[in-house]
Amino acid sequence: MSETKKTVHGIMAEFTSVDSLLSACRRIRDAGYTKTDAFTPFPVHGIDKALGIKPTKLPWIALVGGVSGTLIALTMQIWMNGIDYKYIISGKPYISLPAFMPVAFELTILLASFGAFFGMWALNGLPRFSNPMFTDPRFDRATDDRFFLYIDARDARYDSEGVRKLFADTGSEYINEVIEDDTPTKIPKPIFMVWGTMVAASVIPLLVVLTMRVTNSSQPRFHVFPDMDFSPAKDAQMSTSLFVDNRSMRPDVPGTVARGQMEESLDVLTGIDSEKLAQIDAPRADRLVRAYFFDDEVAKAEEVAEVTEAEGEAAAPSVMDTTPWVKEIPIKVDAALIEKGQQQFGIYCSVCHGLNGRGNGLVNQRAQSINSPTWVPPSNMHQDSLYSDKYPDGKLYSTITNGIRKMPGYAGQIKLRDRWAIVAYVRALQKSQNASIDLVPPSQKAAVEKAVADAKAELERQAAEAEKAEAERKAKEEKEKAEAAAKDAPAE
Amino acid sequence: MSLAIPNGLDNSSERPGERAPLVLGETTYHDITESVCKVAERPPGWGWGMGFLTSIALLHVLGGLILYLIYTGVGVWGNRSPIFWGWPIVNFVFWVGIGHAGTLISAILFLFRQEWRTSINRAAEAMTIFAVACAGTFPGIHVGRAWLAFWLAPYPSLNLWMWPQFRSPLLWDVFAVSTYGTVSLLFWYMGMVPDLATFRDRSKNKWRRMAYGILALGWSGSSRHWMRYEKAYALLAAFAAPLVLSVHTIVSFDFAVSQVPGWHTTIFPPYFVAGAIFSGFAMVLTLMVPARSMLDLEKLITIRHLDNMCKIILATGCIVGLAYGTEFFIAWYGQVPAEQFAFINRAAGPYWWAYLTMVSCNVISPQLFWFKKCRTTPWMIVVISIFVNIGMWFERFVIVVTSLSRDYLPSAWAYFTPTWVDWGMLIGSFGLFFTLFLLFCKLLPVINMAETKATLAKQEHMAHGAGGH
């Protein structure tokens, strides 16, 4: 290939020092050339003035990047956590800006940096691998220790001889034309093939995933880590061969006391006057101590069996009768306790015994309606035998705790003090259904009497109304009957 | 083109009216190119080979253990109730901290026009990126189901139908560390492009020329390009400076936003950032001091550079010591019993040995840098820096483990014991770090040639100016 056929892009000159380069720059600038450039191994300060290079708009690109980073981050977080999927996190508002600041800050920096980084390469027109400057082997030193000055052929004042002369005057020792890069532009085949194979291979997993997403299969899906999808940990109510009792749920460790349930008085725990018991039945008192204070399961079972099964053996005076029960509730009784008892009674007792304690709760009604052969009706609490003189508070407590006849013990469901609260409430309930007006304090007597009178009047009024309505209904029926008879009569 | 330094290779003392030179000897631009390029161009030495083989072996230990962990489950670690963070998070914070010096040197010292940064910034930035890579490994595998770690990203999921929780410091951490890794990588790569062009232009081998040619993106050294390049560099430095401070701040939020006694303190952000700079500089010195003599770079990485870095270690070490003291003061002053207990337990509880190690390595050992002799004797610098590295690892251990092992519920208290997997992963992460670093030394320009040449040009200009130019 001959020199003449090649396109000439311009002329470059080599310099060996910063100072000679800068003075040459000033000379060509003063000579009026504008399409010029200098190539240096490091940024040379003052060269932009010497060559007349205008400042860059790069900071604006970075600013746009930064602002969009802030906006994207805030929009994203507000929409994701405040609108589309609302999280309540420690009572903060859904749109809680302070908590969104860190991510907003990071994305601002990230996108501003992208702006500066990619903006710089774009403005510089890089990457550009084929550059006519690179055709001259001597230009390799532009990244080492030589400085090159270049005037483009497209410059209005360009004239090959004139430029050469100008460069020679500046003291350059090497001046050469910059010619078209004639190296093949095609990508070498091995590189192309490796690249192509990699792109093709990278698509395969994506295609597999996409295919799996859109097709149905009757096969169970493949579990890479089955032990994490199907936990080997036991659920409640499952059996296991690990323990002798085959239960996966483990009972409490002996001596376990629930929070707030620590109770040190045997009287409160059992409802039995332990001092009296020690005098009349020392072995049983000893057994109680073992059962309640030393977690002796056997002693406890014996004790519970005794107080629950004794009932019904009417012949001899049963343990229930001989036990020295606590006469009065051994904890402080106040309005709060009774209210608590009312609430607990409503939850646990009323389903059988009824809210009024007359033994006609919903469960009882249902059992009666289906004539359940095994059903033992719950006691009516408003009977002499259950009043406190015959059925002491401690005994009532023991019944709630350990159960009686068909009724199970509620020790497992109702907390210790709440059981005493129920006792207190039952006493109040009994009084409410069987009390004389003399028990009412004189100051409120009038109000109570008035309320009773009002209630009676209301009941009477309702009864009268019902009677009246009944009479009207009957009259209407008779009238209709008579009319129907009158209609039918002619037909006969 | 050359500059004689009358007092030989010692530029650690400032002479009145004159800046101490940062490039020493009868150095020309070409000498700088030669001394940096020959590191990569000459065949690898015996020492490099042994180091590389050891690092690769350790890297395989890490890789094998990660596979073992994923296959078996996180129970292979010593993490047990109540210490669920354990060593993985200790190692994460340790490595992220080390990753702070690079960007600090590149960005903050650049903005403060500290020209001594030029010959150390490249290696420090590389170290940053490799340390962030090590750091990123640990939370990635600590999530338990490592193959679902992408759930951290806010993408429209067809399986979850929900978004990440943006009020959690742990998610801030994901954004902070990944932004930091990305921006550091861009900064490092952009700074390297002109030097990669030098590598390209010196390559004799066609394939080598092509590989470096692609990496150099066709850099020609055009003045227009340099002008935009320098603007972009300054912008990136300005963005990276607050970023580097934010990263460890947000890492500290992982702890400070929780309510665990010993973590829930407002001093954490500044204290963590100072600690990060402290440990980062220690790691830079640990690597650079042996490297400068092995790679014959004493004229470019001078005693003055080492001296300056030692001073930064001394300053940040004192800040860290002050922070340790302040924590105790606030625990006493705040009168929260759980907090007071946490700090007494930290210093005098079952981990007293860790606390003692931390204080003696981080607070006492850097005090030696008050002596100029210690700041200018390479072997002493290495020894003290290694102590600082050990101390900073223990600092993270003390913060993570002592606080978690004894918090509000005494019945749950426990003593942390690492397993062999914990040890293996810590050692293996050094394998990852050194493998990357040794590859970097062999394949990429270890010193920023363009900037060093610019420093030399300025030095010459000033010398000429003094001579009546």
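## Cores, fold and chain contact in a predicted model

Setting aside residues up to four places away in sequence, V284(B) touches A101(B), I120(B), A124(B), M127(B) and M309(B). The model is predicted. V284(B) and L149(A) have the most contacts inside the largest nonpolar core, which has 186 residues. Helix 8 of chain B (residues 223-256) supplies the largest share of this core, 18 residues. In soluble globular proteins, nonpolar side chains tend to be buried together.

Chain A contains 17 helices and six strands. Its radius of gyration is 51 Å, whereas the globule rule gives 23 Å for 492 residues, so chain A is more spread out than a compact globule. Along the principal axes, the C-alpha atoms of chain A fill a box of roughly 140 × 90 × 65 Å. Of the 492 residues in chain A, 25% are buried. Among contacts in chain A with a separation of 6 or more, 69% join residues 24 or more positions apart.

The contact between the chains draws 55 residues from chain A and 52 residues from chain B. On the side of chain A that touches chain B, at least two residues come from each of strand 2 (36-39), helix 2 (47-51), helix 3 (58-84) and helix 4 (97-124). Helix 4 of chain A gives the most to this side, with 16 residues. The table divides the side of chain A that touches chain B by residue class.

| Class | Side of chain A that touches chain B |
|---|---|
| Nonpolar | 36 residues |
| Polar | ten residues |

Conventions: Residues numbered from 1 in each chain as written. Chains lettered and ligands numbered in written order. Predicted model: local features only at pLDDT ≥ 70, side-chain atom pairs only at ≥ 80, totals over all residues. Contact = placed C-beta atoms within 7 Å. Helix = DSSP H or I, 4+ residues; strand = E, 2+ residues; numbered from the N terminus. Nonpolar A, V, L, I, M, F, W, Y, C, P; charged D, E, K, R; others polar. Rg over C-alpha atoms; globule rule 2.2 N^0.38 Å. Buried ≥ 20, exposed ≤ 12 C-beta atoms within 10 Å, placed from the backbone. Core = buried A, V, L, I, M, F, W, Y, C linked by C-beta atoms within 7 Å.
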